[in-house]
Amino acid sequence: MMSTAPELKSPRRPVSHSTLGRAQRWSWIFQRVSGVILIVLIFTHLFVNLWSGDGINQIDFAFVAGKLANPFWQWFDFLMLTLAMIHGANGMRMIIEDYAHTPWLKATLHWALRISTVVIIVLGTLVLFTFDPCPADAPASLLPSLCEDI
Amino acid sequence: MTATADAPAEVGAIPSMTVTLKILRFDPDGLDGREPGSEYWEEFQVEAHATDRVLDALHKIKWDQDGSLAFRRSCAHGVCGSDAMRINARNRLACKTLLKDLNPARPITVEPLKGLPVEKDLIVDMEPFFASYREIMPFLMTSGPTPERERLQSPEDRAKFDDTTKCILCAACTTSCPVFWTDGQYFGPQAIVGAHRFIFDSRDEGEWDRLEILNDKAGVWKCRTAFNCTEACPRGIEVTKAISEVKKALTTGEV
């Protein structure tokens, strides 16, 4: 059997640093950075909800409604929602790249992932910013204290 | 007093034992009434000494029991990197693995490297592996006139890539990588180690050519730091660290 020597690419191609902007690299950096931020956000979230004050006994409609009426917690939760969703979707994207080999399956899974990510981020954001902490005709005992002024 | 042949326990004698090797075989030709391309497990009993390696046991099988057993080996002393195989579910060199370190009381499983096409028994097609290595251009790239004497380098500059010069291209790292198993496009740890050896060499000028290749879709960003490669390397190269150093060079833009 005849076999030929492998052909080597010629060296000294013009150097371009343009590849430093490639998506793969940014997705990797995003994953590390968002991971660190999410650790802080999630543990703050758990501490405030489950530990500080009355701990887990404090969680009821009034507690959640009170938090969501505060712009700080709205933006805090918004950041946590978007970062967690994009971080998770990016991880899922890599798993699909690894394991889905047929083109149609890959495309289907990628689109299912994109659509579900966008839908969850949009729905979550809608809830965060349009939530009514003081629904009408609800018993006052269930509502947060800020509703008494209305 | 002279030692006799029937002396019960000679001083300094090496204890011998019977070990069972369970080998995953692949028969491309269909001998002995098998289907061509059939894969099957076969057990062999070998009389071995405690100082014997897996390669010695394979030799005994090939030379005394079944001459059709196929495996690669060349130097047989852990230098050439020909006899990497999956022994007890871990990638090792058969010539550097002692039988007594593998719990000889139980059958020792021997399989071909995972993730590369098997040609026969323990022989795999290494071409995809070498193709990745060629891709990163593993040769010195310089500009300007060739010096009349050696290209000098300080010991500090040499130390930067010392670890990755130890690679023997046995493919134990690449074929232990879970990303390589699932995604045949990935360069694999070895190609990145090979690139690292030149990228961090102060005498070489092709570092950005190589970094550009490794910044590709199939390049370093596929690494999930599973550390399988570092554990598998028979030369003790810190493969995952080398990959991370390449990632760092790409994120900071500095070599």
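Residues are numbered from 1 along each chain as its sequence is written, and chains are lettered from A and ligands numbered from 1 in the order in which they are written. Chain A comprises four helices and zero strands, whereas chain B has eight helices and seven strands. Helices (H or I, at least four residues) and strands (E, at least two) are DSSP runs, numbered from the N terminus.

- From the N terminus on, the order of elements in chain A is α-α-α-α.
- Helix α1 (residues 23-51) of chain A contains 29 residues and reaches 40 Å from its first C-alpha to its last, close to the 42 Å expected at 1.5 Å a residue; the expected span is 1.5 Å times one less than the number of residues.
- After α1(A) comes G53(A), with a positive phi near 65°.
- Of the 150 residues of chain A, 1% are buried. A residue is buried if 20 or more other C-beta atoms lie within 10 Å of its own, exposed if 12 or fewer, and partly exposed in between, with C-beta atoms placed from the backbone.
- In chain A, 71% of the contacts with a separation of 6 or more join residues 24 or more positions apart; a contact requires C-beta atoms, placed from the backbone, within 7 Å.

**Chain A: confidence**

- Confidence in chain A is lowest in helix α2 (residues 61-68), at a mean of 88, and highest in helix α4 (residues 103-130), at 96.
- Over residues 11-15 of chain A, pLDDT stays under 50, and the model has eight contacts beyond four places in sequence for them. Where pLDDT is low, the predicted coordinates should not be read in detail.

**Chain B: overall form and domains**

- The C-alpha trace of chain B spans about 70 × 55 × 35 Å along its principal axes.
- Of the 255 residues in chain B, 42% are buried.
- Chain B is assigned domain 1 (16-124) and domain 2 (127-142 + 154-252), with bounds from an automatic or database domain assignment.
- The C-alpha centres of domain 1 and domain 2 of chain B are 28 Å apart.
- Their contact takes 14 residues from domain 1 of chain B and 13 residues from domain 2 of chain B.
- On the domain 1 side, strand β4 (residues 90-93) of chain B supplies the largest share, four residues.

- The largest nonpolar core has 65 residues, among which A57(B), I192(B) and V246(B) touch the most other members. Such a core is a set of buried Ala, Val, Leu, Ile, Met, Phe, Trp, Tyr and Cys residues joined through C-beta atoms within 7 Å.
- Beyond its neighbours within four places in sequence, A57(B) is in contact with V19(B), L21(B), V46(B), A48(B), D52(B) and L99(B).
- S154(B) is located in the loop between α2 (127-135) and α3 (155-160) of chain B. This residue counts as exposed because 8 other C-beta atoms lie within 10 Å.

Key
Predicted model: local features only at pLDDT ≥ 70, side-chain atom pairs only at ≥ 80, totals over all residues. Contact = placed C-beta atoms within 7 Å. pLDDT = per-residue confidence, 0-100.
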